[in-house]
Amino acid sequence: MLKPQPARSMSLSDWTFSPEPEAEEAIRHIYKTYPPLFPAGLERQTPFLKKLGNPHQRLPFIFHAAGTNGKGSTLAFLHAIFEAAGLSMHKYTSPHLVRFEERIVVSGNTIAPQLLLDLIDQCEEAAKGEQISFFEFFTALAFLAFASHKAAAVLLETGLGGLYDATNVVGGEHLISLLTRISYDHTHILGNTLSEIAANKAGIIKPQAPCVIAPQEEIVTDVFLKQAAAVKALAYIYGKDWKITPHADGFEYKSADHKFYLPLPRLHGQHQLYNAGLALAALEKSPFTSLMEQKILERAMQNVDWPGRLQKITSGPLARLLPRGWELWLDGAHNDSGAEILADQAKLWGNKQPLHLVTAMKETKDISSFYQPLLPHAATVQVIEANWADTPMQPAEELASRIRALGYNQVKTTATLESALKSLAFQFQTPQRILVTGSLYLVGHALKRQF
């Protein structure tokens, strides 16, 4: 059993998962003992959960989200709605940006360090002899936390895919499935075509339980509808059953039973209006329809929070490296649809302030499909060396070379995020706009520098 040690201060370079020394030690231990593995169905997870008393079978109503982009943002909108209504909820998302505890929200609050340590001990005892992964371990731990604390609902995000994901042990009619936008990502696991990827994501659609579907390519919607029909699930489809209309000062949500005009949400980008709409559509088909009230929804739009998604940094150590009038933005986009969203945002920003990309990327990501849409909008690209990441990243020189191969030559490499910002501030005398993007790990690294 891991026993708490006397508190000590930890510098940024001392921790990977948590600034709490005991939590950092415990999570590192689990990472080493149960390393990450590709999803392989529920065969590993089911016996592990049985040893823990099947906590996933004792949860309140579940909002279960799968998709390529927008899962976390959609659940953030639901989180904000529940909070605005004075209700608590549990939430499980991944990956974290700064500290591991972000992944597990218990009764509306980030999991307490001591509770996390206690549950790690309990789960490690049950995990003896089991061939489980790091993600499966902490998914079970989250279920155990949720089952022992009160909340109105669970907001649950898949880790990778859907059908074989560790979160997909949940079932029954006390849930609703949310299917966010599908595009190309994790193709080495989920398949090389949109229909293959969609089929895996569709695995979270449950018999007799409703599912809500975000705007999709027609081929993706067809896959979802086929799966819904196969398990007799009610499908609630964008464009047919619910719709979003953007306006300059807000947006309209409309369905057969509801119509709301709401202020622009605190999360930037027009794509967030559709994530908000998906959250409202799910709410409408859940037992929480009574929360569809103007005042509650307005408050939620004003207070919704989901860091690292078109997040503007206006203070802190990084912002202080830039001259007055400059803008610094963070966005964890790392695939083709994320790049399209950023390209659309760049068009809205216009050319008054030149845009500079500061970037790094995981080894497994598709370089061309991400950078190709963005390069026409970029004045320069700064590639940083991501030797701080706990996952394999593209070496800076190699990534820079691959970007040049796309026909773009204004690319430089730099050792650190800080040196990239300082270099840009030195080169340009007028206000510029900087976008840090290409990886959630990079964005998490940037936010960690704000500590």
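This briefing walks through the predicted model shown above, topic by topic.

It is a predicted model, so to speak, with ground rules: local features need pLDDT of at least 70, side-chain atom pairs count only at pLDDT 80 or more, and totals for chains, interfaces and linings use all residues. Residues are numbered from 1 along each chain as its sequence is written, and side-chain values use heavy atoms, with hydrogens and water left out.

**Confidence**

- The protein chain has a mean pLDDT (the predictor's confidence in each residue, from 0 to 100) of 94, and 97% of its residues reach 70 or more.

**Nonpolar cores**

- The largest nonpolar core holds 43 residues, and Phe63, Leu178, Tyr253 and Leu283 have the most contacts inside it.
- For the record, such a core is a set of buried Ala, Val, Leu, Ile, Met, Phe, Trp, Tyr and Cys residues joined through side-chain atoms within 4.5 Å; buried means under 20% relative accessible area, exposed over 50%, and partly exposed in between (1.4 Å probe, protein chains only).
- Leaving aside neighbours within four places in sequence, Leu178 touches a list of residues including Phe63, His64, Leu78, Ile204, Val212 and Leu278.
- There's also a second, separate core of 42 residues, with Leu52, Val106, Phe138 and Leu175 among them.

**Aromatics and charges over rings**

- The model has 21 aromatic pairs, where rings of Phe, Tyr and Trp (its six-membered ring) pair if their centres lie within 6.5 Å, with planes under 30 degrees apart counted as stacked, over 60 as edge-to-face and the rest as tilted.
- One of them is Phe17 with Phe134: the ring centres are 5.9 Å apart and the planes sit at 35°, so this pair is tilted.
- Phe17 lies in the segment before helix H1 (21-33) and Phe134 in helix H5 (residues 134-147), so the pair ties together parts that are 117 residues apart in sequence; helices (H or I, at least four residues) and strands (E, at least two) are DSSP runs, numbered from the N terminus.
- Both Phe17 and Phe134 are buried, and they belong to one aromatic cluster along with Tyr31, Tyr34, Phe48, Phe100, Phe137 and Phe138.
- Lys448 puts its charged end over the ring of Trp15, 4.1 Å from the centre, while Lys285 does this with Tyr236 at 4.7 Å; the rule is NZ of Lys or CZ of Arg within 6 Å of the ring centre and within 35 degrees of the ring normal.

**Around Thr193**

- Thr193 sits in the loop between helix H6 (187-190) and helix H7 (194-201), and is partly exposed at 33% relative accessible area.
- Its side chain makes a 3.2 Å polar contact with the side chain of Ser195 and reaches the backbone nitrogen of Glu196 at 3.1 Å.
- A polar contact is a pair of N or O atoms within 3.5 Å; within protein, one must be able to donate a hydrogen and the other to accept it, and residues adjacent in sequence count only if both atoms are side-chain atoms.

- The peptide bond from Ser94 to Pro95 is cis, with omega near -10°, and Pro95 is in the loop between strand S2 (89-92) and strand S3 (104-106).
- Ser107 isn't a glycine, yet its phi is positive at about 50°; Ser107 is partly exposed at 23%.
- Lys232, also not a glycine, has a positive phi of about 60° and is exposed at 63%.

Key. Contact = heavy atoms within 4.5 Å.
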